[in-house]
Amino acid sequence: MVMIKTTWVSLFALAAVLLMILAPAAEAVTCSPMQLSPCAAAITSSSPPSALCCAKLKEQKPCLCGYMRNPSLRRFVSSPNARKVSNRCRLPIPRC
């Protein structure tokens with residue numbers, strides 16, 4: 001009986017260690033403005049964002065402040081249409 005409990009505790013400990021190691025890798029985002037290309041039509045016109053656009057926008061959320069600081073990208077990320085896209089995707093624009 002003690003051997004079975006020890007085995008289960010060991011398995012749970014191993015699972016916890018694996019989750020701690022693998023979870024940060026799954027959350028890592030590669031900041032690439034090209035990932036937002038599905039949003040180009042919605043940002044440059046008044047067309048609504050696609051589901052893919054919203055998914056990519058949410059995925060790139062940690063990168064948005066960097067994009068806003070980039071003079072080449074700022075006009076796209078901070079435009080009124082970009083704000084509309086953000087609102088429609090239910091993603092608050094970060095304060096940077």
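The legends below describe close-up views of a predicted model. Residues are numbered from 1 along each chain as its sequence is written, and side-chain values use heavy atoms, with hydrogens and water left out. Local features need pLDDT of at least 70 and side-chain atom pairs count only at pLDDT 80 or more, whereas totals for chains, interfaces and linings use all residues.

**View 1. The chain is built from six helices and zero strands.** Helices are DSSP runs of H or I with at least four residues, strands are runs of E with at least two, and both are numbered from the N terminus. The order of elements from the N terminus is α-α-α-α-α-α. Of the 96 residues in the chain, 24% are buried (under 20% relative accessible area, 1.4 Å probe, protein chains only). Among contacts (heavy atoms within 4.5 Å) with a separation of 6 or more, 68% join residues 24 or more positions apart.

**View 2. Confidence is lowest in helix 1 and highest in helix 3.** The mean pLDDT is 38 for helix 1 (residues 2-27) and 96 for helix 3 (residues 51-59); pLDDT is the predictor's confidence in each residue, from 0 to 100. Residues 5-26 have pLDDT below 50, and this stretch has one contact in the model beyond near neighbours in sequence. For the chain, the mean is 77, with 72% of residues at 70 or more.

**View 3. S86 is a buried residue of helix 6.** Helix 6 spans residues 80-88. The relative accessible area of S86 is 4%, so S86 counts as buried. Leaving out residues up to four places away in sequence, S86 touches L57, L91, P92 and I93.

**View 4. The largest pocket has a volume of about 370 Å³.** A pocket is an open set of points on a 1 Å grid over the protein atoms alone, where a 1.4 Å probe fits and protein lies on both sides within 12 Å along at least five of seven lines; lining residues have an atom within 4 Å of a point. The volume is the space filled by probe spheres set on the points. The lining has 21 residues, and those closest to the pocket centre are L36, C39, I43, F76 and V77.

**View 5. Helix 6 gives the most to the lining of the largest pocket, with four residues.** Helix 2 (40-44), helix 4 (64-69) and helix 5 (71-77) each supply at least two. The lining comprises 17 nonpolar residues, three polar and one charged (Ala, Val, Leu, Ile, Met, Phe, Trp, Tyr, Cys and Pro are nonpolar; Asp, Glu, Lys and Arg are charged; the others, Gly among them, are polar).

Methods:
Buried means under 20% relative accessible area, exposed over 50%, partly exposed in between (1.4 Å probe, protein chains only).
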